[in-house]
Every structure is written in C-alpha cells, then in structure tokens.
Amino acid sequence: MIEFWVIVTGLLVGITCGIAGVFLILRKMAMIADAISHTVLFGIVMAYILTQTLNGFWMLVGAALAGILTAYLVQLLHSSGIQEDAAIGVVFTSLFAAGVLLITLFAGNVHLDVEHVLMGEIAFVPWNQWSLLGITMPKAVWMLLFVLIINVTFLVLFFKEMKLATFDPVYAASIGLPIVFLHYAFMTSISFTTVAAFDSVGAILVVAMLIGPAATSYLISKTIKQMFIYSMLFGALAAVIGYYLAKLWDTSIAGMMAAAVGMLFMIVLIGQKLIERKRKAHMHKLEIT
Amino acid sequence: MYALAVENLSVAYDKKTVLENACVTVPQGHLAAIIGPNGAGKSTFLKAILNQLPNKVGKVEILGKAFEPKSLVVGYVPQRNAVDWGFPTNALDIVLMGRYGHMGLLKRPSKQDKLIAQQALASVGMQDFAERSIGQLSGGQQQRVFLARALAQNADIYFLDEPFAGVDAATEKTIIDILKALKVQGKSIFVVHHDLQTVKEYFDYTILLNKTILASGATEDVFTPEQLQKTYGGKLFMMQHV
C-alpha cells in the first residue's frame with residue numbers, strides 16, 4: 001500500500017507538471033518557472049508566519065501570491081530596461097533568500113526545513129494522511145488532485161485564448177483578449193503546481209518535471225493537443241521509471257525521476273534526429289531517381 | 001468621417017522619442033502605403049494606433065471613434081517574423097484565430113466559423129494546405145495564412161505591417177490583388193511598405209513618415225522626388241526609379 005501511494009503521487013506529479021509545462025515551453029518561460037519554484041518558498045513561509053499553521057490551503061494562497069509577485073517584479077524590472085534573464089535572476093534570488101532567512105528566524109522548530117522544501121521526500125508521502133468525504137488518502141495526493149483539477153479547468157476554459165495570446169500576443173490584444181489576466185492566471189497555476197509537487201519532488205526537481213516532459217513532447221507534436229497528451233505521458237512515464245530505478249539502486253527517488261525525465265528527452269531527441277536524417281536521405285534518393 | 005484621424009501622436013521608448021506630434025487624416029476607401037526609412041517609427045505608428053503602447057500621447061480615431069479592440073472593426077496583420085512559426089499548429093487553426101473575437105470568451109469555433117476560415121484560406125490560394133503544420137510552410141505561404149486570418153475576421157479597416165517582406169512574387173501578387181479587392185468593397189487598408197518601386201502601382205494613397213508625418217494624400221500628389229528627398233534625406237538611392 002505504501003508503494004502504491006508513492007507511485008500514485010509520482011504519476012500525479014508527472015501528469016500535473018506535464019500539463020502545466022506545455023504553455024511554459026510555448027511561451028518560452030522556462031526560466032520564470034525556475035524562479036517561481038524557488039520564490040514560492042517565500043510565500044509559504046509568509047503564510048506560515050501569518051497563520052501559524054502548515055495548512056495546505058494557506059500554503060497555496062501564499063504560493064500563488066508569491067508567484068504573482070515574482071512575475072510582476074520580473075515584468076517591472078524588464079520594462080524599466082533591465083534584460084529579462086537578469087531581472088529573473090535578481091528577483092528570484094532575493095525572494096528565495098528572504099524565504100530562507102524567514103524560516104531560520106521564525107519557523108526554526110517546525111517541519112519546514114530548507115532541505116525538505118528543496119529536495120522533497122516522496123517516500124514520506126504515504127505517512128501523512130488526510131480524510132475527506134470518507135476517503136483517506138495521503139495529503140500530497142489530495143493536493144495534487146486539487147491542483148490538477150484547477151489547471152485542467154483553466155485550460156479547458158481558456159484554451160483558445162491561451163493559444164492565441166501565446167502565438168501572437170499583439171494580435172490577441174488587438175481583438176480584445178485579456179492577455180494580462182491570462183498571463184497572471186497562468187503564473188498562478190504554475191505556482192499552485194509547484195506547491196503541490198513540493199512534498200514529493202521539492203522545489204529544484206519540480207522544474208525538471210515542469211520543463212522536461214513538455215520540452216520532449218514539443219519535439220514530436222504537430223498540434224497543441226498532441227503536445228498535452230505526450231507531455232502527460234512522458235511525465236507519468238518518467239515518474240514510474242524513476243521510482244523503480246531508485247528502488248533498484250537504493251537512491252533518491254526524486255533525483256531518479258528527474259534523471260528519467262532527462263533520459264526520455266535525450267532518447268526522443270536522438271530518435272527524432274535519426275528519423276529526420278533517414279527521411280532526408282530518402283527524399284534525396286527520390287530526387288536522384 | 002475619416003477612416004483614420006491621428007492628432008499629435010507621440011511615442012517614446014526609454015526617453016528616446018520614436019514618434020513626435022504625428023498628425024494625419026485619411027478618408028475611407030483607400031489602399032494606403034505608409035513609407036519611410038528604417039527606424040522611422042512605422043511599426044510603432046501602427047502599434048500606437050492599435051493602442052498597444054502604454055507610453056503614447058495624442059488622439060487616435062478610427063472611423064470616428066477611439067480604438068476599441070472588442071468592436072473588431074480593425075484587422076491587424078503583424079510582421080511575419082514577430083511570431084514563432086515553430087508553434088505546433090496548422091494553417092487552418094491560425095486562420096480560425098481570426099474568428100476568436102467573434103466567438104467571445106469560453107466559446108469554441110462553430111461550423112460557420114470553420115467554413116469562413118476555409119473560405120478565407122481558399123481566397124489566398126491555400127485551401128490545399130489547411131492541415132499543414134505552419135512550420136512547414138514557406139515564408140510566402142505563412143504570409144498568406146496571416147492575411148487569411150485577417151480576412152476571416154471580416155474587419156472594416158486593415159493594418160498590415162510589411163506584408164511583402166521576404167515573400168515570393170506569386171504571393172506578392174495574390175496579396176495585392178486581395179487588398180485591391182478589399183478596397184473595391186469600400187474597406188480601408190493601411191500597409192507599411194518598403195519597396196518604393198511598387199508604390200505607384202499598388203497604392204492610391206501615400207503617407208510619408210519619418211519620426212512624424214511629413215506628407216499624406218493621393219499617391220500622385222505625395223509620391224514626388226521632393227517629398228521623398230525630405231522623408232529619406234541622404235538615404236534615398238532609388239530616385240532614378242521614381
């Protein structure tokens with residue numbers, strides 16, 4: 001049963017991050033996700049300090065606000081003439097440092113240590129159960145399911161708007177799409193995803209899950225819908241492969257999952273290049289004959 | 001009522017003035033070229049008209065009203081290189097984007113939207129490429145798809161930013177034929193244009209721009225060596241063709 005919940009958590013992380021990652025890749029915002037995955041720490045600590053509980057709901061609220069704050073500050077610095085990558089670097093290190101300082105100052109004796117937040121520990125997930133409507137599941141699973149539903153709802157409602165705002169923001173604005181709202185709503189959903197994946201893979205490896213599966217599926221997708229499906233599959237596959245390899249070699253589960261993400265990306269990339277080369281050789285042959 | 005009325009329009013980026021006190025009025029039903037040297041502020045002029053720039057001052061009226069995105073009166077075709085053509089989608093999908101404004105939030109394309117999009121694709125000669133990934137289209141085909149999107153929107157006024165840049169001769173002919181047909185239907189079209197040799201052949205109205213509007217009016221009145229010299233200064237090497 002313990003193994004079951006660890007795998008379910010891994011699958012949910014893979015699927016939730018896989019979905020959230022698609023528009024991150026298409027909007028070329030991978031580095032923003034990296035920044036948010038760190039700055040949500042600041043939001044979570046602030047939520048703890050203000051409410052004095054480690055309640056999941058307030059953690060989500062704090063993380064969402066921190067994510068929006070990150071996106072807003074990056075935008076602010078960028079529009080005042082600083083390069084975007086420099087703006088991201090400055091904002092995320094400052095907010096992350098503030099989070100670390102606040103933890104050591106005010107939350108030293110609670111279960112909110114920096115290492116846990118950065119690395120997560122999926123093996124502990126099954127021990128922290130929570131019941132709702134007579135169903136008892138690990139808290140992390142509840143949280144991931146909740147965030148998955150929010151993300152999917154957002155995408156179903158605003159799919160065509162997100163598509164156009166991503167592909168051609170100037171045209172999108174010229175016909176009145178709310179591109180600013182979409183940007184911040186999307187940043188919120190990235191923050192939610194990061195928090196939900198915290199317990200299992202931690203803030204550093206969640207980036208691998210957000211970017212890797214979507215980047216892999218970008219290589220082979222012809223439509224955005226395809227990209228969503230492949231991205232979910234790659235995320236789920238990486239989670240399962242990672243878990244069993246970690247068990248086999250008795251090593252960090254989260255680390256192995258991220259390694260599996262990288263492995264899948266390399267395999268697909270090489271496979272795709274080989275097929276492309278073969279196709280070109282074939283076309284060349286046709287031209288000669 | 002004017003198609004476009006611009007009064008004292010100024011735009012500055014980082015304290016550097018790109019556009020200063022631009023004033024122009026253009027009657028309806030013209031196919032108008034916006035010409036000027038590189039860096040003259042032509043794209044900025046279009047974006048300011050479409051209210052895309054928060055740092056603009058001045059007054060812009062389109063068909064007698066301030067620009068209102070939701071009214072869908074204005075169709076905009078950005079520069080082709082302004083978007084990522086590696087985006088995973090096909091040609092028909094891009095044209096359907098021209099219908100998004102008509103659908104409203106949360107709605108999906110109806111059968112009629114799809115029909116209109118297909119007709120628009122056909123009118124630019126791209127009906128056989130509906131399912132083709134946009135990354136696999138040539139530059140000229142991509143530009144036609146962009147134009148088809150604007151047609152699917154069915155606007156009254158069109159703004160095109162360098163639609164002829166980097167396209168093949170057949171595409172250039174297709175595009176100009178469609179723009180001329182739109183003019184015959186009474187629509188007003190504004191085109192940022194680079195090739196001075198084709199101005200007289202393509203456009204019946206010309207706006208000369210370099211940091212501000214230097215001249216505007218019927219092409220035969222405005223497109224003169226003196227006015228061009230004023231617009232381009234020493235940069236004009238094509239006088240012999242004019």
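Let me start with how angles are taken here: helix axes are lines fitted to C-alpha atoms over the stretch in contact, and angles run from 0 to 180 degrees between N-to-C directions. Keep that in mind, and keep in mind too that this is a predicted model.

With that, hello everyone, and let's go to chain A. Helix α3(A), residues 56–79, packs with helix α4(A), residues 84–106, at an angle of about 140 degrees. Their axes are 9 Å apart. Roughly antiparallel would need an angle over 145 degrees, so α3(A) counts as oblique to α4(A). As for the hand, the crossing of these two helices, α3(A) and α4(A), is right-handed.

Which residues of α3(A) meet α4(A)? They are A:Ala66, A:Thr70, A:Leu73, A:Val74, A:Leu77 and A:His78. Across from them, α4(A) brings A:Glu84, A:Ala87, A:Ile88, A:Val90, A:Val91, A:Phe92 and A:Leu95. Sorted by class, the residues of this contact between α3(A) and α4(A) come out as 10 nonpolar, 2 polar and 1 charged.

Now let's step over to chain B, where there is another helix pair to look at. Helix α5(B), residues 139–153, and helix α6(B), residues 169–184, pack at about 15 degrees, and their axes are 10 Å apart. That angle makes α5(B) roughly parallel to α6(B). The crossing of α5(B) and α6(B) is left-handed. On the α5(B) side you will find B:Gly140, B:Gln143, B:Arg144 and B:Leu147, while α6(B) supplies B:Thr171, B:Thr174, B:Ile175 and B:Ile178. The classes in this contact of α5(B) with α6(B) are 3 nonpolar, 4 polar and 1 charged.

On to the sheets of chain B. One open sheet has 3 strands in the order β2-β1-β4, with antiparallel pairing. Its edge strands are β2(B), 16–27, and β4(B), 56–62, each pairing on one side only. On average, neighbouring strands in this sheet are turned by 10 degrees against each other, direction ignored. Strand β1(B), residues 2–13, pairs with β2(B) over 8 bridges.

Helix α1(B), residues 42–49, lies across β1, β2 and β4 of chain B, at about 65 degrees to β2(B).

Finally, where do the chains meet? The contact takes 20 residues from chain A and 21 residues from chain B. On the chain A side, the elements giving two or more residues are α6(A), 139–167, α7(A), 169–174, and α9(A), 224–249.

Key:
Residues are numbered from 1 along each chain as its sequence is written. Chains are lettered from A and ligands numbered from 1 in the order in which they are written. This is a predicted model: local features need pLDDT of at least 70, side-chain atom pairs count only at pLDDT 80 or more; totals for chains, interfaces and linings use all residues. Helices (H or I, at least four residues) and strands (E, at least two) are DSSP runs, numbered from the N terminus. Angles under 35 degrees count as roughly parallel, over 145 as roughly antiparallel, 65 to 115 as roughly perpendicular and the rest as oblique. A crossing is left-handed if the near helix is turned anticlockwise from the far one by less than a right angle, and right-handed if clockwise. Two residues are in contact if their C-beta atoms, placed from the backbone, lie within 7 Å. Ala, Val, Leu, Ile, Met, Phe, Trp, Tyr, Cys and Pro count as nonpolar, Asp, Glu, Lys and Arg as charged, and the others, Gly among them, as polar. Two strands pair if DSSP finds at least two bridges between them.
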